[in-house]
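Hello,

The model we talked about is pasted below. My notes follow it.

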2 protein chains.
Amino acid sequence: MPTSTETAPNAADYPADVLAVLPLLYVAWADGVITPAEHTTLRKRLQAFDWMDPEHRDAVQQWLDPEHPPTPTEYQRWRRRLQKAATDLPVTGRTSLAALGAEMAALGGDGAPGMPDDAQQALREVEAALGIAGDEIVDELRGERPAPSDEVPCGIPCQVEQLQRYLDGEHAELRDQIRALLTDPVFRYDPSLGTEAKRERVLYWCRLLADQGLGALAFPKKHGGTGDISKFITAFETLSYHDLSLVIKFGVQFGLFGGSVHQLGSARHHEKYLEDIGTLELPGCFAMSELGHGSNVRDLETTAHYDTETEEFVINTPHNGARKEWIGNAARHGRVATVFAQLHTNGEDYGVHAFIVPIRDDAGTPKPRVRIEDCGRKMGLNGVDNGRLWFDHVRIPRENLLNRYADVHADGTYESDIPSAGRRFFTMLSTLVGGRISVARSACSAAKSGLTIAVRYGNRRRQFGPQDEPEVPILDYRTHQRRLLPRLAKTYAIHAALAHLTNEFAARGPNDSLEDIEAEANALKAYSTWHTTDVLQTAREACGGQGYLAENRIAALKADTDVYTTFEGDNTVLLLQVAKGLLSDFQREFRDMNVFNMVQFVASDLGTRLKEKNPLIRRNTDREHLRDPEFHGNAFRYRSEALLQSVARRLKKRIDDGMDTYDAFIEVQDHLVTLAKAKSEQLVFDHFHASIQDTEDDDLRGVLRTLCTLFALEAIESDRGWFLEQNYIEGSKAKAIRHEVNALCKEVRPMAEPLVDAFAIPNACLHAPIAQKQQTETA
Amino acid sequence: MPTSTETAPNAADYPADVLAVLPLLYVAWADGVITPAEHTTLRKRLQAFDWMDPEHRDAVQQWLDPEHPPTPTEYQRWRRRLQKAATDLPVTGRTSLAALGAEMAALGGDGAPGMPDDAQQALREVEAALGIAGDEIVDELRGERPAPSDEVPCGIPCQVEQLQRYLDGEHAELRDQIRALLTDPVFRYDPSLGTEAKRERVLYWCRLLADQGLGALAFPKKHGGTGDISKFITAFETLSYHDLSLVIKFGVQFGLFGGSVHQLGSARHHEKYLEDIGTLELPGCFAMSELGHGSNVRDLETTAHYDTETEEFVINTPHNGARKEWIGNAARHGRVATVFAQLHTNGEDYGVHAFIVPIRDDAGTPKPRVRIEDCGRKMGLNGVDNGRLWFDHVRIPRENLLNRYADVHADGTYESDIPSAGRRFFTMLSTLVGGRISVARSACSAAKSGLTIAVRYGNRRRQFGPQDEPEVPILDYRTHQRRLLPRLAKTYAIHAALAHLTNEFAARGPNDSLEDIEAEANALKAYSTWHTTDVLQTAREACGGQGYLAENRIAALKADTDVYTTFEGDNTVLLLQVAKGLLSDFQREFRDMNVFNMVQFVASDLGTRLKEKNPLIRRNTDREHLRDPEFHGNAFRYRSEALLQSVARRLKKRIDDGMDTYDAFIEVQDHLVTLAKAKSEQLVFDHFHASIQDTEDDDLRGVLRTLCTLFALEAIESDRGWFLEQNYIEGSKAKAIRHEVNALCKEVRPMAEPLVDAFAIPNACLHAPIAQKQQTETA
């Protein structure tokens, strides 16, 4: 028989009794399958194998000596011998190493007789004692891994076109127009451009959009628009499939600057400016934020003093902290700016108002007494020319006050229907809520781009896999599904909620209150933009090194959207406003009750309205129940209401104990943010669910329901700490929810690619080589 | 009396009875303080005020008519009148609007008599009925907000120097040397450099570091080093305060390339190469990853066939998917590469081995049959020249095999002490674990930079505040503390755990097993790099728009570290390895027991070892208990062990039911990741806690204990879903933990700035204008 120093690959075969134990020898020296201590055990057991030829047994014993391991060549020879035998074995059922050994002894062997039955039994015992998963090792030996086919697992009960129609909504035609436009070669990305060239390119792109009438969409028909804000927001969302510098520049010019003239100005301003704004003849800025006041804008410090002598306002930056900061279009292209400043007339400060202030002449030179500085490189959005503005007693005509809500007469008399400065300012601001909705929708588009790239890559990229099969697409892994699929479902949910909000906003008359729209916009803006940050981070990691390459686009999406959680209102500040709004409503509702009544009411209210919190439902882990939207809706509503009531109680207690309201609010700030987040999630669920109820096609509704269930259950799972803490669900139910989320991921997995296809993002916009779809681009 | 059309600011004062109700009038028109319905109520109540002059009462009634609001000018006049009165009022105690009215009526007034007592009572009733927080409004009226002082809240019981000594550890001198070096003007950042210029600059910087002997630190003394890997890792960590392209280039050259020659080569390679590598005379690459195999590197496809005729290896890239991908130093500067390839000799495949392969000549031209391509722009780290390599039957001498673990004789005979190819490969890989530890420590440095910027900004930036006080530093807000302070504590904890791991690693002899070090390195690499991604995202948002400006450096830190979670092992893949390692250990431990015994053991084991899970402790919400490190340690240990046991049970059940092991593992993958994360957190806690126990100074120990408590409690709070689900804590305890985390944030808040100062990051490295410390840079 061969010895351990034998190196010739074509030596004669081993004797039958050695073949019988060869599988165990192989395993003993494999990648840490058995420990050194077990090695010793194995040697002892072998000693008792009296059915072996004593000489062979001694040789085998030597091979197990840690001081004298087999040579790699010998080891490879064992392996090849075992591979051959494993391939010949019948593939059905599970196979032990003992069976493999017996088979080898019977079939092959160097002429020795077959092995006795009790020998097989002894081998099986050794295998069991060592805890070896013999069948796995046999599997591993059995085959070279075949090459994977290029086929991608895919299957969805409805048509992608149906999904796209659902997502595109009523302005599908406009969306297709924009998709086609963005596919034009003129919109091709050019990564070689430096900052200045990129800014010019983006301006040029904006002009092309303006030429198509897209900039003026929200303006009245007589000024070149359609008078439909929902069309403008739809355009904004669809443009967000492209370079996001483009859409932010577009938003600054037509949404913020144009919107301020449209919403805060009167006929004289509309006639003078709107058409030129819509065609980009007049590039302008929206100059609200100051270095010292980004969030607390009511306290901004730029002043506008009325001079009765000359009938002019004098716009002034009193100190460096009051400079206008982060102003889009200011560093290069803006000619005028809507400047927000404290209006003073007749010795009285009437609070913040908006004024049209020229900042550059037609040649692009800054106007006298206007200082402009570039904000410089940013993390992203470098195609937008953000700048800083200082005004040194700049004089503008009285008529440049945007006077929809307040005016100053020639003699300096101030006039407004709204007596209080604070309320006046917030009324003005609320008309600009469209910007916040637009940002939320733009964020949702960016999330869709990131998911499209990551899902397509996950469906094609293969790594690892079962021993005898091709490597598998990484989206087959549960960890990968867990990363991408609940986020995909949530993106659908957010889309639906934002579509609903946009419709509500567009349906409002010019004099209707926007208070509830504003609260919802604040909530959803925070929810959507944080979701996008999370999705893009996940998508980057899910694409590994490929996700880190600039050409695959996630880098740009991440960098560009990172500021979305900050601009148009810092998310945390917005959520605190949402929570305070909820508290005010709550306070009003209970104002006439004394504490005892309120506690009683709270108790009975929760008891009747929220039937869920009873032991049976708390423990119900039936699949039907877990997937019931009534369960989800109740859970989200219960959470918002319970958080509202508990934060109200905590506030009341502190104030009753003599604490300042201010300090009391600081002490419960984290609670307020939790409340506002809960409310946001409730809104998203309610709107998504309602939109599904309205869907007529059964197949489509089925797919959307699955997504809604995944979204809702994963949201409950993520916050199970709260639900468990409140005893709203029990531990067993929390576990059942986790299992159900896993099951849903598995169900959604084959739909993943059709679900991102339905976003219908043009290949030209996606750009990423790892995400190109082999299809004819229809848009 | 003045009428509502009166506009002259200096009109005579109002009559006393009007002054008495003026506060209520003011509130009625303020920013939504009372609702339209309440407006009506107020009008009704006023009607009953028979102590007022009927004519005055009628006038006041008119002012409450929603159709005829007061003019803004009138309203401003009220406001000024009230401000004056409020300022004159005694400041002690709480004040109602009624009291303010009474005071005004008494002190001022147009000659009318003082108001009756029952009138005051009536006013108080109205105020209460309307639920107005009168004292808040009086506060608001009282004062213009004073300007804030520049003083920054700060206080810590120990010296910053003590903290720094604790963090710097034994190689403080080396750290100071590097800090001083990085402050040299030659290391100044230059944002104007394009990709190519940046790459040259980074190479130049690396040469300067090599000149200081930093590159060779880990190499043996006779080859120019110190033979101390912990010094190399310390240098790596400290360099990570600077531009991270520098440290990654440094790591590629000296850690990966140099480390592979040092750890996988033998004396002949050391003598030939190490000195030139350490001086950067010989720039090289570490060419392991392939396009098709990034994570599953054992299956990489580059081949090295031994040719007995010429005694050469033939290195070949069989197809495009097998090209070497993401290779640092390859696109521009590398002259040679350590190439990993499947070694074939005498017709046998012996698995992956490492070979020295020249890729460029001294003039920088690619060698014949070597194709090199640039990976192009990346999200970050653009100072590192990542490239792709293809080999077309490139011949290298036999001696270029790095032969520490295996060699091929001239005749093609293969020799190794390790029989199995898999085990051999993983033994080779394990010697390179230093790279993984280095990346984890580099990530920790980046987190420290981000936190330093965000904490200093949060301590200076003021926004909003109580009505009569300066705006407050945003770090005073609970939401802001919640964002930054637990992450600061966690950063200290991770630092301690990584310092411990480095010491363990450095103490290992050349032939000691690295298995446990590797498992811990995998766990902590994932934990640390994900923490950094999270910290930098939070820091960016916490600095608002300022955080988005390139000059404030968070953008670069984010972009550069984003790939840390992917390279040196994808975090999810690493965690799955950690979990599988834990399962193997567990399996070994229970191999000889049958299922019944195991279940019994599990039950008794948890019962005895984990005393925590009893009703009294489950409900214990005493502060002393919540802050007891024994509680934290028990909780973390319990979680790891329970997760391990439950995943083992789930796996066993599936396999017993006939499922493939492969499929069973996929089904519990999320559970495995949860287990590995829990284990990582346990390690971090244990090491941090142990290092605190070893701290001798009481003050320092006290500070570190507070940080450890905050870290631990916040970690438990974050995962309270799991602890509640397992009934390890009750809802009341979860709430108590949340309150305790808030209390700890408040305690740590004044220490925040000293705690980041102790990182001792040179101003020159931090760079961010918003984070500059007004101090003499000592290092």
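UniProt positions are given here in the numbering of this model, with feature names shortened, and an annotation may be inferred rather than shown by experiment. This is a predicted model: local features need pLDDT of at least 70, side-chain atom pairs count only at pLDDT 80 or more, and totals for chains, interfaces and linings use all residues. Residues are numbered from 1 along each chain as its sequence is written, while chains are lettered from A and ligands numbered from 1 in the order in which they are written.

In an unreviewed entry, UniProt places "domain: Acyl-CoA oxidase/dehydrogenase middle" at residues 285-394 of chain A. That span is 0% helix and 45% strand, with its end C-alpha atoms 16 Å apart. Helices (H or I, at least four residues) and strands (E, at least two) are DSSP runs, numbered from the N terminus. The UniProt annotation "domain: Acyl-CoA dehydrogenase/oxidase N-terminal", also from an unreviewed entry, covers residues 170-277 of chain A. Residues 170-277 of chain A are 67% helix and 0% strand, and the end C-alpha atoms are 26 Å apart.

The two chains. Chain B superposes on chain A by a rotation of 180° with 0.0 Å of shift along the axis, at an RMSD of 0.2 Å (least squares on the C-alpha atoms of residues with pLDDT of at least 70 in both copies). This is the relation of a two-fold axis. In chain B, the C-alpha nearest the axis belongs to B:Gly721, at 1.8 Å. The contact takes 85 residues from chain B and 85 residues from chain A, where contact means that C-beta atoms, placed from the backbone, lie within 7 Å. The side of chain B that touches chain A has 29 nonpolar, 34 polar and 22 charged residues. For these classes, Ala, Val, Leu, Ile, Met, Phe, Trp, Tyr, Cys and Pro count as nonpolar, Asp, Glu, Lys and Arg as charged, and the others, Gly among them, as polar.

Positive phi. Most residues other than glycine have a negative phi. A:Glu568, not a glycine, has a positive phi of about 55°. A:Glu568 lies in the loop between helix 19 (554-561) and helix 20 (571-590) of chain A, and is buried, with 25 other C-beta atoms within 10 Å. A:Asn727 has a phi near 60° and sits in the loop between helix 28 (720-725) and helix 29 (731-748) of chain A. A:Asn727 is partly exposed, with 13 other C-beta atoms within 10 Å. The cut-offs are 20 or more such atoms for buried, 12 or fewer for exposed, and partly exposed in between, with C-beta atoms placed from the backbone.

Regards

Note on methods
Two residues are in contact if their C-beta atoms, placed from the backbone, lie within 7 Å.
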